[in-house]
Amino acid sequence: MTTGDYTVLGLETSCDETAAAVVRRRADGSVEVLSSVVASQDEHKPFGGVVPEIAARGHVRTIDAIARAALDQAGTGFEGLSGVAATAGPGLVGGVMVGLSFGKAVALARALPLVAVNHLEGHALSARLGAQADYPFLLLLVSGGHCQLLEVRGVGDMTRLGSTIDDAAGEAFDKTAKALGLGYPGGPALERLAASGDAAKVPMPRALLGRKGFDFSFSGLKTVAARAAEAVVTDQDKADVAASVQAAIARQLTERSERAMADYAERHSHRLFVVAGGVAANQTVRRSLMEACARQGFDFVAPPIQYCTDNAAMIALAGAERLARGLTSGLDARARPRWPLDEATALSDPLYATGRKGAKA
Ligand code: KG4
Ligand code: ZN
């Protein structure tokens, strides 16, 4: 390892994936994933969603073995690490506490710096795990809990341009999949089914179409989808609902992103659009966004599929980028159920207040 290289153990436990990874960030900014281990908990399947208490217990049971596997595969041992990064929020706080406490224990025992990472910052930087994505860029972050457009100028330096006012896009995928009896998580299953469906079959609402700004809304679409799912008779009907919902979600993500691109292009000559988060794994969504980028003169980057959904490589990378800038956390870092990426906007804009009345995503 040369000076200026950072090799970081990342830990991710904010939802139902227990994940650990080792990532090396070199002084020249290049990134190498030395290992990435993700164990998805399937104990939640019978409940059709993630049960927080079950998730936290699952992380306690497996984090040790997963971290060990990541270190073994990377071949670095603890000795080869420059730091430990753990997700400190936002997420299911019981699970977050497990990964963060584990990270603190490693940091203390091995005298390594700790970085408490915002899970969303991990997603925001994840495209850099597979391609060069120089700052600044326009980011669409679409996952199970979040849907927002951000201007990313660098690590910890982001402005939110818009956000969902109700549900996240991933939630719309998951709830429709549940209504169609496809199980959890629904996004990938819905995408498979949609391949044999007709996207023009079920008319879907176009939320916020004429509205200024860059916000999203998926609750109306979700309700129409649930009603259509109830009326399903044949397998073909089912596939048609899946295709129609997927197309409607892709359309809204694209319309709002394209609008943000036009605005962003007035302020920046470096025109790069990045999509990240679980929903970025969807090929229809990717294709549609790629076409919008071509129309608007933007380069398009998405993370490799395995780094779209939750993983620890993105947490290790965020940790390494922070370490490279001398940004570390104390052993008193708290687990945070809510933690907006752009805290200034979140505090000043009551629509997105972080209290109980704020938007879920
Ligand atoms: O980023 P992620 O793993 O977790 C959160 O931070 O939320 O995103 C999970 C979400 C779920 O809603 C899941 O259904 C959705 O991403 N998802 C997909 C696909 N793969 C995962 N949605 C549509 N198509 C997919 N292929
Ligand atoms: Zn996530």
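Student: Which residues coordinate the zinc ion (ligand 2)?

Tutor: In this predicted model, the zinc ion (ligand 2) is coordinated by H119 and H123, each through NE2, and by D310 through OD, at 2.0 to 2.1 Å.

Student: How are the donor residues of the zinc ion (ligand 2) spaced in sequence?

Tutor: The spacing reads H-x3-H-x186-D. The two histidines, H119 and H123, belong to helix 3 (residues 119–125), where four residues, about one turn of the helix, separate them.

Student: What arrangement do the four donor atoms form around the zinc ion (ligand 2)?

Tutor: The ideal angle for four tetrahedral donors is 109.5 degrees. Four donors count as tetrahedral if all angles lie between 85 and 135 degrees. Around the zinc ion (ligand 2), the four donor atoms subtend angles of 95 to 132 degrees, so the arrangement is tetrahedral.

Student: Is H119 buried or exposed?

Tutor: A residue is called buried when its relative accessible area is under 20%. H119 has a relative accessible area of 6%, so H119 is buried. H123, at 0% relative accessibility, also counts as buried.

Student: Where does Y6 lie?

Tutor: Y6 lies in strand 1 (residues 6–12). With 23% relative accessibility, Y6 counts as partly exposed.

Student: Which residues does Y6 touch, not counting residues up to four places away in sequence?

Tutor: Y6 touches V23, R24, R25, S82, A320, L323 and A324. For one of these contacts, V23, the separation can be stated in two ways: Y6 and V23 are 17 residues apart in sequence and 8.1 Å apart in space, C-alpha to C-alpha.

Definitions and conventions:
Residues numbered from 1 in each chain as written. Chains lettered and ligands numbered in written order. Predicted model: local features only at pLDDT ≥ 70, side-chain atom pairs only at ≥ 80, totals over all residues. Heavy atoms only, no water. Donors = N, O, S within 2.8 Å, 3.2 Å for Na, K, Ca; no water. Tetrahedral: all angles 85-135°; square planar, octahedral: opposite > 155°, others 65-115°. Buried < 20%, exposed > 50% of the residue type's maximum accessible area, 1.4 Å probe, protein only. Contact = heavy atoms within 4.5 Å.
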